[in-house]
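Here are my notes on the model, as numbered points to read with the structure open.

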Protein chains: 2
Amino acid sequence: MRVVRTVEQLREALEYMRSGGHSPIGFVPTMGYLHEGHASLLRRAGELSNTVVMSIFVNPLQFGPNEDFASYPRDEQRDLELAEREGADIVFIPTVEEMYPQAIRTTVSVASLTTQLCGASRPGHFDGVTTVVSKLLHMVQPDYAFFGLKDAQQVAVLRRMVSDLNMPVEIVACPIVREADGLALSSRNVYLSGEQREEALVLSRSLRAAREAILDGRARTASEVRQVLVSEISTSRLAEIDYAEVLTFPDLENLGDNETLASVPGEIIMALAVKFGRTRLIDNNVFIPKEAAALV
Amino acid sequence: MRVVRTVEQLREALEYMRSGGHSPIGFVPTMGYLHEGHASLLRRAGELSNTVVMSIFVNPLQFGPNEDFASYPRDEQRDLELAEREGADIVFIPTVEEMYPQAIRTTVSVASLTTQLCGASRPGHFDGVTTVVSKLLHMVQPDYAFFGLKDAQQVAVLRRMVSDLNMPVEIVACPIVREADGLALSSRNVYLSGEQREEALVLSRSLRAAREAILDGRARTASEVRQVLVSEISTSRLAEIDYAEVLTFPDLENLGDNETLASVPGEIIMALAVKFGRTRLIDNNVFIPKEAAALV
């Protein structure tokens, strides 16, 4: 495994792999503080690619002024051990100065998909994501890029960007990885106190309750599903709901309050953002209502 | 020479050239109705590349609602003859539907460089340019892309986009090509009546007058240069000035009215947009004030 810290070293390392015939290239962009979710992306990358590149970069552009850029957890040594163990060939760890040597004037933005959910709560966040992912894709020029479905909106936005701009890469979305008790893995889970960690289970529990209500026929419309989500989350004293939404996926369009889920032809997402103190957690479930059995 | 009309055919044709070792790839994006200026881009591309790709696409995204998208001149047969004669290997002629199969939600935009000059007169124009050029660069993945300096602001904007987004391509700027009498070549010159065509010479004439005034020491500041430009253009009864500006290049920053050009460390642009009836013409001169002799 080779660790590179400049764009030039990265391009050299990639050129070496490409000229040696080690294509296709798979790319796993991360903000570090890696967990089993990232490990699953690396393993999937290893299945589809002959060279696996991981980047570790906490991107200031996608953090709002009152967000946790400065305190975002970092542990390079542990990250490198995980990357090595999971088969990364090249790990790219640029500084902020290497990524943004001059004030960046260019923005890549995806309209409408970014006004909902996390886009509404975190203005500018997705412009920061699409811009930095564009940069990274241009640096690595991978055949595949791997993203976790925990950030389902991010997957939807990046797929749209890649398709709209004809970027020569395939976005591969990988399933959410959870703790044994259901909590979706996140680098931010480390912020939680013991009590918050326990109550954070309401996210996955409410999604499960909503799935069951849909299967039972107790929740047939978006509005009924939202009610189940909200009432389950409200059982936690510490939980403060940012959003609990039911939308089409990947277009993230609103469903009419009385529209039955079964009438929606494609996929649907139930998406949650819930705050525990200053820590904001997200979770979601993407499913095809017509194939309700696939939910279980 | 191969003519392709779909992105898929284009990628196949490029893959064939690449796998045959015919790299580097040079790319000349155009809106067609080709003239000697485009021919000079193709020739330069031929010098630097083993495969020359030209695109012909009148991009609706970069035209304002009251601009000449519908009437923009088109002549595919003549364009193909010129492309063949000047050594293009692949000509890509997509339809609007091929370029935009779904409503495009993604925009690439470059801030600040696009608020001046043509950006001020043509709101949204440069977003249309940067977005479509991003798409084309992702389709062709060229080593070099060639643009004429007549659209000097476009060159500045695209260079910034490529650098900010780490696009793996070099933007090659090529000199303005002029008629024997000085008029800069433009597909839009065909709109001019006989009388307008004659008076359109004030653009190049005023740039020449300004250069002479700078060399003579009669015009030392941006404001004095602007005066020369405006007074020369005003000798035409038909000319209506959109802008006549003196800015730094490629950052397109304003100079103080009393700042002497000689104190500017880098390049300077004198840029003009002048309307004759409904036809808007542009012209410019980029130079290094400290090396005034290079102006002649």
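1. The lining of the second largest pocket divides into 19 nonpolar, six polar and eight charged residues. Here Ala, Val, Leu, Ile, Met, Phe, Trp, Tyr, Cys and Pro count as nonpolar, Asp, Glu, Lys and Arg as charged, and the others, Gly among them, as polar. This is a predicted model: local features need pLDDT of at least 70, side-chain atom pairs count only at pLDDT 80 or more, and totals for chains, interfaces and linings use all residues. Residues are numbered from 1 along each chain as its sequence is written, chains are lettered from A and ligands numbered from 1 in the order in which they are written, and side-chain values use heavy atoms, with hydrogens and water left out.

2. That pocket has a volume of about 930 Å³. Of its 33 lining residues, Arg18(A), Gln141(A), Pro168(A), Arg18(B) and Gln141(B) lie nearest its centre. Two or more lining residues come from each of α1 (7–19) and α6 (125–140) of chain A, and from α1 (7–19) and α6 (125–140) of chain B. A pocket is an open set of points on a 1 Å grid over the protein atoms alone, with protein on both sides within 12 Å along at least five of seven lines; a cavity is a set where a 1.4 Å probe fits but cannot get out, and lining residues have an atom within 4 Å of a point. Points are joined across faces, edges and corners, and a volume is the space filled by probe spheres set on them. Helices (H or I, at least four residues) and strands (E, at least two) are DSSP runs, numbered from the N terminus.

3. How many cavities of 30 Å³ or more are there? The count comes to two. About 60 Å³ of space lies in the second largest cavity, and its lining includes Lys150(B), Ser186(B), Asn189(B) and Asp283(B). Strand β10 (residues 279–287) of chain B gives the most to this lining, with three residues. By type, the lining holds five nonpolar, two polar and two charged residues.

4. Now for the two chains. A rotation of 180° with 0.0 Å of shift along its axis superposes chain A on chain B, with an RMSD of 0.0 Å (least squares on the C-alpha atoms of residues with pLDDT of at least 70 in both). The two copies are thus related as by a two-fold rotation axis. In chain A, the C-alpha of Val108(A) is nearest the axis, 2.3 Å from it. Since 100% of the interface residues of chain A are also interface residues in chain B, the copies meet through the same surface.

5. Chain A is divided into domain 1 (2–174) and domain 2 (187–287), with bounds from an automatic or database domain assignment. Their C-alpha centres lie 26 Å apart. The contact (heavy atoms within 4.5 Å) takes 22 residues from domain 1 of chain A and 19 residues from domain 2 of chain A.

6. Between them, these two domains of chain A bury about 1700 Å², 57% of it on carbon and sulfur atoms (accessible area, 1.4 Å probe, lost on being put together and summed over both parts). Gln116(A), Leu117(A) and Lys150(A) supply 30% of the area that domain 1 of chain A buries against domain 2 of chain A, more than any other three residues.

7. Please look at some backbone details too. A cis peptide bond joins Ser23(B) and Pro24(B), with omega about -5°. The bond from Phe249(B) to Pro250(B) is cis, with omega near 5°. Asn166(A), in the loop between α7 (152–164) and β7 (170–174) of chain A, has a positive phi of about 55° although it is not a glycine.
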